[in-house]
Amino acid sequence: MAILKIARMGHPVLLQRAEPVADPTAPEIRRLVADMIETMHDASGAGLAAPQVHVPLRLFVFRVAADRATGDAEDVPMPDTVVINPHIEAIGEDARLCWEGCLSIPGLRAAVPRAWRIRYTGVDTAGHPVGREVTGFHAGVVQHEYDHLDGILYPMRMRDFTLFGFTEELARAAARQGGGAA
Ligand code: NI
């Protein structure tokens with residue numbers, strides 16, 4: 001396995017529409033997914049999409065850590081998960097702000113409007129169908145990673161730029177307000 005180089009905002013690969021994966025069970029896809037999972041952990045990320053490692057294909061990996069899950073019945077901790085050739089759709093009209101960072105935009109965080117509940121489908125590296133209805137953090141991270149496949153970065157989704165800042169400053173501001181960790 002290998003740690004892959006992550007493209008940062010400004011690199012054209014992050015703005016292009018990625019291509020479907022012709023054979024999700026191909027050995028090179030399995031290797032790419034293993035490397036992406038290792039890279040995600042190395043960078044302490046919650047998710048990583050293939051275009052972020054300079055591979056313009058429609059697949060992403062993610063995980064839901066116990067301290068990120070909202071505790072909603074459909075937002076529980078998830079181990080490392082891959083979704084290849086995904087489709088997503090919002091369920092209902094409920095949209096809420098999700099605090100997000102991105103490994104391609106290091107050091108910054110923002111509150112981004114996301115559908116609260118979504119359904120997503122796709123396949124894994126065995127070609128088996130993957131599909132869930134999820135809410136909260138799980139729904140947010142999947143929407144964020146899916147956006148990467150369409151060349152969309154989270155600032156393009158933002159409406160309130162006062163809720164955008166350096167992670168360190170936002171943590172300091174939250175501590176000053178006595179709110180503890182954000
Ligand atoms: Ni990202």
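Two strands count as paired here if DSSP finds at least two bridges between them. Helices (H or I, at least four residues) and strands (E, at least two) are DSSP runs, numbered from the N terminus. With that in hand: five strands form an open antiparallel sheet in the order 1-2-3-6-7, and another open antiparallel sheet has three strands in the order 4-5-8. This is a predicted model, where local features need pLDDT of at least 70 and side-chain atom pairs count only at pLDDT 80 or more, while totals for chains, interfaces and linings use all residues. Residues are numbered from 1 along each chain as its sequence is written, and side-chain values use heavy atoms, with hydrogens and water left out.

- Strand 1 (47-49) and strand 7 sit at the edges, each pairing on one side only.
- From one strand to the next, the twist averages 35°. (Axes are lines fitted to C-alpha atoms, for helices over the stretch in contact, and angles run from 0 to 180 degrees between N-to-C directions.)
- Three bridges join strand 1 and strand 2 in the antiparallel sense, and leucine 48 stands opposite valine 61 in strand 2.
- Helix 1 (residues 27-42) packs on this sheet and touches strand 1, strand 2 and strand 3; contact means heavy atoms within 4.5 Å. The direction of helix 1 makes about 40° with that of strand 2.
- Helix 2 packs on the sheet too, touching strand 1, strand 2, strand 3, strand 6 and strand 7, and its direction makes about 160° with that of strand 2.

- Strand 4 (95-100) and strand 8 (164-166) are the edge strands, so named because each pairs on one side only.
- The twist here averages 30° from one strand to the next.
- Strand 4 and strand 5 (residues 108-115) run antiparallel to each other over six bridges.
- Helix 2 (residues 136-149) lies across strand 4 and strand 5, at about 100° to strand 5.
- Helix 3 (residues 167-176) lies across strand 4, strand 5 and strand 8, at about 100° to strand 8.

**The nickel site**

- Cys102 (SG), His144 (NE2) and His148 (NE2) coordinate the nickel ion at 2.1 to 2.3 Å. Donors are N, O and S atoms within 2.8 Å of the metal (3.2 Å for Na, K and Ca); water is not among the atoms, so sites may look incomplete.
- Along the chain, the donors follow the spacing C-x41-H-x3-H.
- Cysteine 102 is in the loop between strand 4 and strand 5 and histidine 144 is in helix 2, so the pair ties together parts that are 42 residues apart in sequence.
- Cysteine 102 is buried, at 8% relative accessible area, and histidine 144 is buried at 6%. Buried means under 20% relative accessible area, exposed over 50%, and partly exposed in between (1.4 Å probe, protein chains only).
- Glutamate 100, in strand 4, is in contact with His144, and its other contacts beyond four places in sequence include Leu108, Arg109, Gly140 and Tyr154.
- Glutamate 100 is itself buried at 6% relative accessibility, and its bridge partner in strand 5 is alanine 110.

- Just after helix 2, glycine 151 takes a positive phi of about 75°.

**Nonpolar cores**

- A nonpolar core is a set of buried Ala, Val, Leu, Ile, Met, Phe, Trp, Tyr and Cys residues joined through side-chain atoms within 4.5 Å.
- The largest one has 19 residues, of which Phe60, Phe62, Ile118, Tyr120 and Val142 touch the most other members.
- Strand 2 (59-64), strand 3 (78-90), strand 6 (117-123), strand 7 (129-135) and helix 2 each give two or more residues to this core; the largest share, six residues, comes from helix 2.
- A second, separate core of 15 residues includes Val21, Ala26, Ile29 and Val61.

**Positive phi outside glycine**

- Serine 44 has a positive phi of about 55° although it is not a glycine. Serine 44 lies in the loop between helix 1 and strand 1 and is exposed, at 63% relative accessible area.
- Asparagine 85, in strand 3, also isn't a glycine but has a positive phi of about 50°; asparagine 85 is partly exposed, at 23%.
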